[in-house]
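Please read these notes with the model open beside you.

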Amino acid sequence: MFKKLINNQIFQVSVRNYKPRRALMYVPGSDERKIDKIRSLQVDCVALDCEDGVALNKKEDARKLITEKLKDIIPTARNDVGVRVNSIDSGLCEEDIKSCLSGSHLPHTLLLPKVETTEHLKWVADKLNNTLETGQKINLIIYIESAIAFINLHDICKTAASLSETGKFTPTSLVFGSDDFCASIGATRTENSNEILYARQKLVLYAKAFNLQAIDMVYIKYKDPDGLKSQCEEGMRMGYTGKQVIHPNQIGIVQESFMPSIDTIEWAQGLLDAFERHQATGKGAFTYRGSMIDMPTMKQAKNIIDLIQSVKKKDPVNN
Amino acid sequence: MFKKLINNQIFQVSVRNYKPRRALMYVPGSDERKIDKIRSLQVDCVALDCEDGVALNKKEDARKLITEKLKDIIPTARNDVGVRVNSIDSGLCEEDIKSCLSGSHLPHTLLLPKVETTEHLKWVADKLNNTLETGQKINLIIYIESAIAFINLHDICKTAASLSETGKFTPTSLVFGSDDFCASIGATRTENSNEILYARQKLVLYAKAFNLQAIDMVYIKYKDPDGLKSQCEEGMRMGYTGKQVIHPNQIGIVQESFMPSIDTIEWAQGLLDAFERHQATGKGAFTYRGSMIDMPTMKQAKNIIDLIQSVKKKDPVNN
Amino acid sequence: MFKKLINNQIFQVSVRNYKPRRALMYVPGSDERKIDKIRSLQVDCVALDCEDGVALNKKEDARKLITEKLKDIIPTARNDVGVRVNSIDSGLCEEDIKSCLSGSHLPHTLLLPKVETTEHLKWVADKLNNTLETGQKINLIIYIESAIAFINLHDICKTAASLSETGKFTPTSLVFGSDDFCASIGATRTENSNEILYARQKLVLYAKAFNLQAIDMVYIKYKDPDGLKSQCEEGMRMGYTGKQVIHPNQIGIVQESFMPSIDTIEWAQGLLDAFERHQATGKGAFTYRGSMIDMPTMKQAKNIIDLIQSVKKKDPVNN
């Protein structure tokens with residue numbers, strides 16, 4: 001049973017061609033100057049924003065600009081380049097998808113804010129079916145940012161997984177939208193965010209159970225590198241794999257913080273090597289450093305090595 | 001879709017005639033002297049208690065006294081006046097409801113302790129159907145105070161909402177009964193209550209998802225105003241909207257702590273104003289202070305302004 | 001209704017002959033010297049380990065040694081003596097059960113690691129049906145140690161309870177397997193374990209809702225008695241009833257920490273006495289120290305007194 005699971009699940013992850021998203025940076029979709037700077041940034045993931053970063057009277061401009069710029073960016077992109085559309089309930093999302101996802105160059109990823117119910121996912125699956133061409137598939141990043149979203153989290157993750165089997169998206173990540181979450185439940189964060197610990201840790205648990213990346217909240221004080229670093233490390237310790245970023249000067253600290261330590265990398269590589277040697281013997285179970293190894297631990301090790309390899313490939317010198 | 005939701009949901013809240021419950025104070029239903037003092041208290045919500053505040057051999061006296069006193073209190077009450085009955089499993093609840101809710105003056109609110117299952121809610125809906133007259137409806141405050149209640153929390157909230165559609169109660173609030181909760185799971189709280197953080201924050205999340213008030217635990221040391229204030233502020237930051245109170249000298253601190261700050265009020269009023277202006281233009285989505293506005297945030301702003309207005313109306317000088 | 005519940009549920013617990021598991025200590029199933037020392041240890045619960053404590057090439061030796069040693073240990077055991085098998089997904093569990101549970105002396109308890117789904121429980125129920133003789137029944141300790149296990153926790157507890165009605169196991173405890181949990185979600189604990197607070201407290205809540213013992217994580221630094229004591233007390237305050245132990249020198253501190261305080265014992269004994277006196281009067285509800293008493297609180301008091309009595313019985317001098 002063990003080996004079959006390995007074959008079915010672990011290697012499936014490989015095929016997906018793992019994309020790290022240690023830093024997920026927003027760039028306003030209406031700001032040409034900032035979009036043109038993306039190429040110079042060593043950032044894992046960029047979100048061309050149609051939502052909060054764009055004033056209401058600029059939405060149409062942003063859609064056109066994004067569609068145009070994707071032609072330049074996508075062919076040579078070393079990063080994950082996505083488009084954050086407006087929420088479905090805003091009434092703007094359909095037009096965002098139609099404009100930005102039907103050009104000659106599809107973004108790698110669709111970032112969908114304010115997902116609250118499984119209906120939202122069915123709606124987006126439906127729109128993608130109509131918009132993307134046969135054979136095209138896009139990554140999906142799901143924003144969890146209200147009380148309702150949290151009480152529906154299990155259903156949202158399950159439905160995303162099941163819709164992805166036949167549909168045109170692949171869910172890759174959950175994002176913790178902490179500011180909208182706080183506004184929606186009337187909470188106020190202090191520096192250690194203890195007030196929303198339940199929600200912040202619940203999100204990690206569900207992300208990991210469904211083998212998704214967990215992307216932590218924005219650190220709003222972009223001139224406070226120490227505070228940023230501390231919050232990165234806190235999120236990392238909880239199991240988060242990345243963080244939202246609102247300013248280029250946050251990228252370095254975030255991406256460094258979300259790199260696994262040397263010890264962790266050695267542990268993970270050693271585990272995968274041991275598994276490979278072990279497979280050659282044809283036996284079922286195996287142990288590593290004194291522990292029986294199970295699937296969740298294999299997956300975690302695989303995620304770590306996938307991260308390292310993809311970072312190396314993208315940026316052979318600096319990382 | 002956005003505007004339709006606004007019309008259906010936000011204004012429904014208005015119709016309900018929002019009642020703040022920043023402080024929820026218990027008054028033993030068998031203590032005439034204390035009941036007569038209620039009129040002099042500036043407290044949002046009073047619970048005439050049949051449960052823990054009344055010895056077993058005084059239950060019948062308390063029922064009679066409460067029914068009698070409601071005739072005086074209700075006609076001129078500026079507060080929310082409720083009756084806390086005994087739990088359903090005690091076997092005393094049916095008689096409490098029959099006595100206290102069939103007099104000439106119905107209390108505003110029924111406080112139901114130790115709700116653990118949806119069966120409890122169906123039971124109470126049934127009793128109210130038999131006891132209240134056609135057209136009468138009563139607010140319902142639900143106590144969550146055991147491990148079983150917490151694992152059934154989603155079902156309890158859903159069933160309360162669905163029973164209220166056709167039945168004779170309107171669920172308004174969840175109360176975190178922390179002492180019974182601790183006793184039932186064998187937990188012991190320290191000053192910061194970190195031991196029960198999971199439960200305390202889970203309750204807020206579900207309350208907010210179902211648009212209910214979240215009423216925090218009792219601060220038992222009623223001679224420690226600083227400790228009380230600190231715990232109020234902590235609960236407020238988590239999203240709680242009020243707190244249980246066991247002594248009149250706790251009222252002032254609690255009600256002050258659970259008032260939104262001036263900044264928050266300005267934010268909320270500005271948001272509602274912007275929405276009104278925006279509606280005149282007939283457009284769908286809108287932004288406020290740089291954010292796309294969604295339903296949970298609109299609801300939260302509405303709750304804040306409803307609170308302010310209802311406090312002003314009740315107590316034009318002091319608050 | 002109240003008295004009926006008392007009769008059906010509280011006294012059912014008594015019949016089960018409560019076994020405390022303040023300390024649950026692992027002994028490698030392949031290490032004869034350590035197994036022979038068990039008899040000299042004042043420990044509530046011993047797990048003869050087939051899993052992490054045994055190298056892969058020693059699994060078969062361990063099964064044989066355990067089966068052999070059970071003949072000596074069980075007839076005179078004052079402790080709860082269990083066998084921790086390998087996880088079901090390892091492919092080794094079936095052989096573990098077949099070997100260790102079909103000898104002349106059945107262990108008291110089966111410890112099942114890495115339970116993730118209800119399928120796992122059905123699988124084990126099926127194997128026990130085939131292995132145990134008619135009329136035999138074994139205690140079951142369930143390990144929760146991955147994100148998937150936590151999202152399925154409600155279903156796992158419900159299925160365990162329902163399978164136990166007709167099957168050959170009685171679920172007694174949930175164990176928080178924090179190290180595997182951290183590895184599987186990529187978390188890293190600091191000294192206060194705040195990073196995994198959500199999971200740690202969720203486990204207690206579900207354990208208590210299903211009237212199971214909650215057994216806390218391992219304290220790995222076995223030469224740090226102060227750190228151990230502090231973590232014991234923290235877990236105890238959250239509602240945990242015991243802790244996993246990896247070294248004999250941890251037993252004393254753990255078992256002392258997980259004894260209820262004198263105050264708690266007096267409270268619990270007083271409550272049970274009051275209930276007995278009260279039953280003689282034939283009335284329904286009753287109060288104790290100013291509180292209406294409900295079922296969860298009765299159960300908790302019963303658990304405390306059961307613990308005290310079972311410890312006294314086992315070890316009349318030292319405890």
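How many salt bridges does the rule find across the interface of chain A and chain C? The points below take this up after a word on conventions.

1. **Conventions.** This is a predicted model: local features need pLDDT of at least 70, side-chain atom pairs count only at pLDDT 80 or more, and totals for chains, interfaces and linings use all residues. Residues are numbered from 1 along each chain as its sequence is written, chains are lettered from A and ligands numbered from 1 in the order written, and side-chain values use heavy atoms, with hydrogens and water left out.

2. **The salt bridge between chains.** The answer is one salt bridge across the interface of chain A and chain C. The term means a side-chain nitrogen of Lys or Arg within 4 Å of a carboxyl oxygen of Asp or Glu. The partners are A:Arg237 and C:Glu195. Their closest N and O atoms are 3.0 Å apart.

3. **Extent of the A–C interface.** Chain A brings 31 residues into contact with 30 residues of chain C (contact: heavy atoms within 4.5 Å). About 2600 Å² is buried between the two chains. Carbon and sulfur atoms give 62% of that area. Buried area is the accessible area (1.4 Å probe) that two parts lose on being put together, summed over both. A:Leu205, A:Arg237 and A:Met292 supply 27% of what chain A buries against chain C, more than any other three residues.

4. **Polar contacts and elements.** The rule finds seven residue pairs in polar contact across the interface of chain A and chain C, both residues at pLDDT 80 or more. A polar contact is a pair of N or O atoms within 3.5 Å; within protein, one must be able to donate a hydrogen and the other to accept it, and residues adjacent in sequence count only if both atoms are side-chain atoms. Helix 9 of chain A gives the most to the side touching chain C, with nine residues. Helices here are DSSP runs (H or I, at least four residues), numbered from the N terminus.

5. **Two domains in chain A.** Chain A is divided into domain 1 (1–18 + 259–319) and domain 2 (23–258). The bounds come from an automatic or database domain assignment. The C-alpha centres of these domains lie 27 Å apart.

6. **The domain interface.** Twelve residues of domain 1 of chain A are in contact with 15 residues of domain 2 of chain A. The two domains bury about 1000 Å² between them, 35% of it on carbon and sulfur atoms. Across this interface the rule finds zero salt bridges. It does find four residue pairs in polar contact, both at pLDDT 80 or more. Helix 13 (residues 295–314) of chain A gives the most to the domain 1 side, with five residues.

Conventions
Helix = DSSP H or I, 4+ residues; strand = E, 2+ residues; numbered from the N terminus.
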